[in-house]
Amino acid sequence: MSKFRKDSSKDLPAISTASLPDIVFMLLFFFMVTTTIRDVSLLVKVQLPTATELTKLEKKSLVSYIYVGPPQKQYTKMFGTEPRIQLNDQFAKVSDIPDYVLAERAARDEAEIPFMVTSLKVDELTKMQIVGEIKQELRKAAALHINYSSRKAAVTD
Amino acid sequence: MRKTPEIPSASMADIAFMLLIFFITATSMDVDSGLERVLPQMPPENQEQDDTPPIKERNVFSVLLDANNRLMVEGELSRVEDLREKAKEFITNPANSENLPETKPTEIPLIGNFDVTKGIISLRNDHGTQYGMYLAVQNELVAAVNEVRNELSTEKFGKKYEELTNEQKGAIREAIPSRISEAEPKTIGGKK
């Protein structure tokens with residue numbers, strides 16, 4: 001019987017931490033591969049509407065974003081609470097959109113221009129007037145391919 | 001030769017953790033997805049009054065949205081939940097009814113003779129309509145077209161539309177065109 005009791009007085013050996021860096025690196029690589037770098041900080045609050053018929057935006061490099069929504073809390077003093085447009089990292093007017101589209105086009109390869117998509121990230125409580133104006137500007141700039149960004153809705157059948 | 005001392009690797013985990021935390025905070029995981037639409041081309045500015053023949057009443061499925069987010073489909077108040085069924089009925093015209101759109105028999109490769117609908121879905125919204133409501137309506141209309149396409153592709157090819165080859169998809173698209181036209185917004189009913 002003494003055979004089994006032999007080690008009972010000794011302390012447990014410490015768990016080896018030699019493999020900890022490897023585990024963390026694995027996590028790191030996982031995150032580096034699955035995520036994308038956030039390129040703009042949002043100045044407007046955007047609560048996306050839900051939809052079911054979604055298409056994924058395949059090529060991120062060909063997408064230009066237009067954000068519309070009420071300004072974040074720290075900007076309400078300057079810009080009020082009415083929905084505003086954000087292009088790149090600043091607030092913009094509807095009339096800035098053609099320039100934005102042209103700048104986005106100039107930044108891409110010529111062969112890729114026909115495949116460019118404009119993603120509209122619009123807060124769901126925004127009135128359609130501003131969205132309609134944006135759409136008109138996009139038509140004028142001939143950026144016809146758009147994507148109304150939305151979240152996946154739970155399927156109700 | 002003297003042996004070089006081993007570099008301590010105890011802090012490796014801390015460094016890796018720091019990198020990990022940096023990447024978690026600086027990146028976002030959400031996949032961008034949304035409802036894809038193509039805007040109509042801007043008409044040339046010096047265009048004369050267009051001389052296209054007027055579209056018959058039965059070929060138009062009118063969807064109106066007012067400033068209070070009320071939905072009017074073909075002249076009657078209705079709910080978003082019912083819109084999909086109505087739109088599907090309009091697109092397919094199963095009973096060949098007089099009020100639903102005309103069809104034009106067309107020879108389509110891979111499918112054969114098919115009665116292609118002449119119907120157009122016309123969507124008009126108000127300046128005061130909420131974007132969320134507008135998108136819900138758009139979503140229902142696109143869903144109606146997609147469902148009808150799925151039904152046809154299961155019937156003809158035994159597969160869902162998404163799983164078809166590009167040629168087959170083209171044939172289905174020709175058989176069931178997605179004609180959703182958006183009118184310039186007006187102020188319809190209700191106060192702004």
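Reply: Gladly! Buried stands for under 20% relative accessible area, exposed for over 50%, and partly exposed for what lies in between. Please keep in mind that this is a predicted model.

Me: Is A:Ser19 buried, exposed or partly exposed?
Reply: A:Ser19 sits in the loop between α1 (2-5) and α2 (20-34) of chain A. Its relative accessibility is 36%.

Me: How far apart are the C-alpha atoms of A:Ser19 and A:Ile85?
Reply: Along the chain, A:Ser19 and A:Ile85 are 66 residues apart.

Me: Which strands stand at the edges of the seven-stranded open sheet?
Reply: This sheet has mixed pairing and the order β3(A)-β2(B)-β8(A)-β7(A)-β4(A)-β5(A)-β6(A). An edge strand has a single partner strand, so one side of it is left without a neighbour in the sheet. That applies to β3 (55-56) and β6 of chain A.

Me: Within that sheet, which residue of β5(A) is the bridge partner of A:Tyr67?
Reply: Strand β4 (residues 63-69) and strand β5 (residues 84-87) of chain A run antiparallel and are joined by three bridges. A:Tyr67 has its bridge partner in β5(A), and that partner is A:Gln86.

Me: At about what angle does α4(A) run to β4(A)?
Reply: Helix α4 of chain A spans residues 97-106. It lies across β4 and β5 of chain A. Relative to β4(A), α4(A) runs at about 155 degrees.

Me: Is A:Tyr100 buried or exposed?
Reply: A:Tyr100 is placed in helix α4 of chain A. Leaving aside neighbours within four places in sequence, its contacts are A:Ser64, A:Tyr65, A:Ile66, A:Leu87 and A:Asn88. With a relative accessible area of 8%, A:Tyr100 is buried.

Me: And A:Glu104, what is its relative accessible area?
Reply: A:Glu104 also belongs to helix α4 of chain A. Not counting residues up to four places away in sequence, A:Glu104 touches A:Val63, A:Ser64, A:Asn88 and A:Met116. It is buried, and its relative accessible area is 13%.

Me: Why is the ring pair of A:Phe79 and A:Phe91 called tilted?
Reply: By the pairing rule there are nine aromatic pairs over all chains. In the pair of A:Phe79 and A:Phe91, the ring centres are 4.1 Å apart and the planes meet at 35 degrees. Planes under 30 degrees apart would count as stacked and those over 60 as edge-to-face, so this pair is tilted.

Me: How many residues apart in sequence are the parts that this pair ties together?
Reply: A:Phe79 lies in helix α3 (residues 76-79) of chain A, while A:Phe91 lies in strand β6 (residues 90-92) of chain A. A:Phe79 counts as partly exposed at 24% relative accessibility, and A:Phe91 is buried at 14%. The parts tied together by the pair are 12 residues apart in sequence.

Me: Which residues make up the cluster linked by ring pairs?
Reply: A:Phe79 and A:Phe91 both belong to it. The cluster also takes in a tyrosine, A:Tyr75.

Me: Turning to chain B, which are the edge strands of its five-stranded open sheet?
Reply: The strand order is β5-β4-β3-β8-β9, with mixed pairing. An edge strand pairs on one side only. The edge strands are β5 (76-78) and β9 (180-182) of chain B.

Me: What is the bridge partner of B:Ile121 in β9(B)?
Reply: Strand β8 (residues 120-125) of chain B pairs with β9(B) in the parallel sense, over three bridges. In β9(B), the partner of B:Ile121 is B:Ile180.

Me: Which residue in the turn between β6(B) and β7(B) has a positive phi?
Reply: Strand β6 (residues 103-108) and strand β7 (residues 112-117) of chain B run antiparallel and are joined by six bridges. They form a hairpin with three residues between them. The turn residue with a positive phi, about 75 degrees, is B:Leu110.

Me: Finally, which residues of chain B lose the most area to chain A?
Reply: In this interface, 46 residues of chain B are in contact with 48 residues of chain A. The two chains bury about 4,500 Å² between them, 61% of it on carbon and sulfur atoms. Three residues of chain B together account for 18% of what that side buries: B:Asp32, B:Leu39 and B:Tyr131.

Terms used: Residues numbered from 1 in each chain as written. Chains lettered and ligands numbered in written order. Predicted model: local features only at pLDDT ≥ 70, side-chain atom pairs only at ≥ 80, totals over all residues. Heavy atoms only, no water. Phe/Tyr/Trp six-rings, centres within 6.5 Å; stacked < 30°, edge-to-face > 60°. Helix = DSSP H or I, 4+ residues; strand = E, 2+ residues; numbered from the N terminus. Buried < 20%, exposed > 50% of the residue type's maximum accessible area, 1.4 Å probe, protein only. Pairing = 2+ DSSP bridges. Contact = heavy atoms within 4.5 Å. Buried area = accessible area lost by both parts, 1.4 Å probe. Axes fitted to C-alpha atoms, helices over the stretch in contact; angles between N-to-C directions.
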